[in-house]
Amino acid sequence: MMRANFMAVFLVSCAQIFSGISVASTQEVAQNGGGKGISQETDQLIQHYRILLQNQNARPSVKGAARHRLVELYLRKAIEQPDNIDEYSIVQAIQILEYQQATHDDWVSEDEILYELAHAYSLQGDQKKSIGFLREIEMQYPQSPYYTEAIYRIADYEFAAEDYKASAGHFRTLLEIQDAEGKIEMRTRYMMAWSLYKAVMFSEAEHAFSELLAVINNGDESDDFNEIHDDSIRGLGLAIEAAYSPDEISAHIESSFSMSPFLPDLYQFVAEHAFRDERYQDAAKILYGYAKNHPDNDDAPMILIKAAGILETAGFYPQGEKIREVLIEDYPVTSHFWSTHSGEQYSDVIATIREWTYEAAKTWHARARKSGKNEDYSRSIQYYRLYLDQFPDGEKAYDARYALAEVWYETAQFDLAARQYESVAYQWPEKHYAQKAAYAGLIALKKSHSDRWIDSAIRFVTRFHDHDEVTPVREQILATLQEQKDWERLATVIHLFLAGNQEIDPVTRIDWIELLGDAHSSMRDYIRSSKDYLEALNAMGSSQAEDKERIQKKRAAALYHAAELLREQQQFERASEIFMQAYLTDRSGVIAPVALYDAASTAKQAGEDEKALAWFEKYEQQYPEQAVRKKVPAVLASIYQSRGDYGKAANELEKAHSLMPEISSRKSFLWQAHELYEQEGKLEDSARSLKILLNRYTTSQKEKIQTMQKLFEIRKKQNDKHAAHYWLNKLAGFPAKNPDISSQVSIVGARLLLAEEDFDRFSKARLDLPLQKTVPEMKITLEKLIRKYENVMEFPIADDTTQALNRMGQAYRIMAEKILQSPRPDSLSADEKEAYEFSLEDLAFQYEEQAIALFRKNHQFLLEQGVWTPSIRASLAELARLLPAEFDKAERHLGYYETM
């Protein structure tokens with residue numbers, strides 16, 4: 001017994017000695033990559049411990065130690081070849097551990113067995129079982145030395161399994177343990193923060209990331225720390241983006257992290273993240289928020305430039321424009337910022353400010369021209385002035401000065417505009433805007449009603465004598481003095497213009513006379529004015545054809561205005577003569593057609609129809625394209641009609657219709673033309689006018705019916721039965737949809753006429769043998785006829801309704817008579833003939849009964865409506881003949897109906 005124990009102790013000692021020399025931890029083996037020599041040593045050790053376990057005399061404690069050591073050796077052997085895990089060794093280790101767990105081996109603690117089982121199953125790849133054993137440690141052995149590692153591995157497992165809420169809880173527990181032990185585990189905080197983020201607990205994640213960053217910023221700056229720092233910035237930014245809208249992000253960052261050293265990095269990440277996601281507006285908004293919240297930051301202007309560039313590159317030009325304006329308004333080169341920020345590194349920023357200020361001014365100027373809004377003009381003024389204040393000698397300074405003058409002009413601040421134009425023109429007379437500005441200044445002064453205009457105009461024509469508008473400006477000077485009736489100064493100015501000449505040009509002398517004529521015209525003394533112009537014309541030579549033409553036009557205008565005054569005074573005869581003089585003075589001028597027309601119209605007003613007619617006809621021949629010609633045909637029609645020449649009057653009215661823009665006038669003229677043609681007996685022309693009216697201008701049902709009725713009547717007069725029947729069918733086809741009374745009468749009349757035509761044909765038709773064929777055919781004809789009369793009754797017109805009822809009754813009665821009067825077959829025997837007669841009488845009786853029913857309806861109409869019509873009289877006569885016992889009584893004819 002003692003020897004056995006000694007052997008056991010010896011074997012254990014040998015194994016321990018051997019182990020101390022060659023057994024490394026499983027982690028060391030894994031790190032060293034295993035090896036053939038180590039594997040052989042491990043196998044020898046395993047063999048020694050297995051022999052020891054087979055020794056029946058070994059103490060339990062010794063066997064427990066051996067088992068514990070075997071587990072370590074099997075696990076070591078399992079991972080000696082990292083690329084080829086020894087599954088057999090893992091199984092052996094698991095079996096020993098499960099045995100120890102089942103037998104409650106005192107040599108090793110329960111928590112250590114659970115830990116080794118978790119390790120073994122993890123090596124085997126069964127992570128679920130592995131985590132299960134670690135959870136037992138978590139639940140049962142909180143004081144175990146393996147507790148912290150168990151929590152960490154559980155948390156890692158849950159994170160990998162995307163159970164982020166659970167992993168966050170375990171990482172938080174682990175962090176509490178580490179904090180209690182005075183340790184700072186970056187990775188624990190890092191993993192907890194990411195777990196919270198992935199668990200959609202954005203507020204908690206933001207807090208966790210911010211705490212982690214605070215710890216990192218107090219630590220070293222190793223590569224690992226920098227990597228965690230950058231990734232934590234990313235996580236913090238993502239959490240903030242997820243929890244807040246783009247409009248709230250900047251405000252939240254400022255309120256929560258304004259004093260944090262990682263604030264710029266946070267802003268940069270959030271902006272770059274939005275940019276990578278193609279959320280360009282959000283990216284620009286975040287950059288803008290940083291620049292606005294930190295206006296004194298060295299990079300603030302460049303950040304604004306970047307934000308604007310992002311928006312404009314993405315096509316969001318209005319938002320980009322707003323950020324441009326923030327830059328140029330908040331960072332002008334005269335601001336405090338640039339007193340502390342200068343140097344080559346800012347030259348591009350200043351160049352951008354200079355460029356954007358001018359562009360903003362031009363943009364708002366263009367926008368104002370389109371919108372006409374004062375606030376848009378005010379913005380353009382603001383930016384032009386801002387540009388000139390900062391860059392008075394800048395590349396665009398001269399253009400800005402001219403553009404500013406344009407803005408003053410366009411906003412009706414003409415005095416300011418004129419002074420600005422004059423500054424541009426006369427301070428820099430050699431530059432490209434000088435002449436244009438000088439002339440624009442004159443226009444501005446004109447609009448401002450300034451007394452300086454004439455002096456400035458004289459300055460303009462003497463300084464810029466090659467300007468295209470010099471001649472018109474000279475004319476304006478003369479015209480202005482003429483308007484002011486300052487004849488003495490007018491003469492002085494003319495002498496100034498002619499200075500240096502030896503003698504006055506004859507043309508100029510004529511111009512003086514012309515000006516006198518203009519003056520008389522201004523005083524409305526047109527007769528005197530026309531004499532002045534005539535004097536000027538008489539003074540001209542044959543070579544002055546163009547001048548003569550011009551003066552003739554003025555004289556014609558003066559005569560025309562004189563005639564207008566006479567017409568206003570109702571001196572029509574004298575006015576027509578003066579109008580004609582105006583026409584004869586300038587036949588090729590624009591006033592000629594108007595003067596000729598007015599001469600004709602005033603002659604008509606004077607009662608001189610023959611003269612008016614001749615002049616109107618002259619007008620039509622000479623000026624067929626004149627707009628006022630539209631009025632001529634109507635006037636000519638009136639004259640022709642008054643003379644009884646209806647055909648010509650109608651022809652003129654047709655012309656008038658084609659010239660009038662208003663539909664109502666066209667319709668009226670065509671209708672009048674139709675009436676006059678009809679009156680003249682020109683029925684075909686009358687019908688043509690009506691068809692034009694119907695096809696082009698008639699829209700309402702009433703007008704269509706009225707026009708078709710007239711066309712029917714005309715064709716009837718022409719005895720054109722086919723055409724008359726066509727219009728009758730068109731009238732009859734109108735639906736009974738709320739027509740007026742006159743339209744109802746026309747529609748019913750047409751339907752009645754068509755029905756009467758069929759009634760006449762039906763009455764004349766005969767029944768031939770064989771009756772079994774001809775009676776059904778006649779019956780179909782009768783039914784069609786009845787439907788036509790029923791269409792007549794669609795409108796509540798007493799005469800037509802009672803006539804339709806009477807005609808339908810007559811049709812049924814005639815049908816009965818046709819049956820009774822039909823030919824008999826010759827081959828019938830006496831008995832057959834008698835039976836045949838009975839069948840005919842029976843068939844005829846049916847139609848006679850229907851006839852009586854319809855005649856009774858007319859009788860009922862009389863009783864209910866109290867209306868007496870010829871058709872009611874005819875129906876009563878039929879009833880008296882068909883039902884004499886009921887209706888052929890003398891006392892029923894009271895004479896009252898006879899008088900109705």
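1. Basis. The model is predicted, so local features need pLDDT of at least 70 and side-chain atom pairs count only at pLDDT 80 or more, while totals for chains, interfaces and linings use all residues. Residues are numbered from 1 along each chain as its sequence is written, and side-chain values use heavy atoms, with hydrogens and water left out.

2. Helix H22. H22 covers residues 414-427; helices here are DSSP runs (H or I, at least four residues), numbered from the N terminus. Its 14 residues should span 20 Å at 1.5 Å a residue, and the end C-alpha atoms are 19 Å apart, which agrees. The expected span is 1.5 Å times one less than the number of residues.

3. Burial of H22. Among the buried residues of H22 are Phe414, Tyr421, Val424 and Tyr426. Buried means under 20% relative accessible area, exposed over 50%, and partly exposed in between (1.4 Å probe, protein chains only). The cover over the buried residues includes H21 (397-410), H23 (434-447) and H24 (453-463).

4. H21 against H23. The axes of these helices come within 11 Å and cross at roughly 20 degrees. Axes are lines fitted to C-alpha atoms, for helices over the stretch in contact, and angles run from 0 to 180 degrees between N-to-C directions. H21 is therefore roughly parallel to H23; the cut-offs are under 35 degrees for roughly parallel, over 145 for roughly antiparallel, 65 to 115 for roughly perpendicular, and oblique for the rest. Tyr398, Tyr402 and Tyr409 of H21 meet residues of H23 including Ala437, Ile443 and Lys447, where contact means heavy atoms within 4.5 Å. Ala, Val, Leu, Ile, Met, Phe, Trp, Tyr, Cys and Pro count as nonpolar, Asp, Glu, Lys and Arg as charged, and the others, Gly among them, as polar.

5. H37 against H39. H37 and H39 (residues 741-764) pack at about 45 degrees, with their axes 9 Å apart, which makes H37 oblique to H39. Lys702, Ile705, Gln709 and Phe712 of H37 make the contact with Ser742, Ser743, Ser746, Ile747 and Leu753 of H39. These residues divide into four nonpolar, four polar and one charged.

6. Two glutamines of H37. Gln709 is buried, with a relative accessible area of 19%, and touches Leu731 and Ser746, not counting residues up to four places away in sequence. Gln706, also in H37, counts as partly exposed at 41%. The C-alpha atoms of Gln706 and Ser742, 36 residues apart along the chain, are separated by 8.3 Å.
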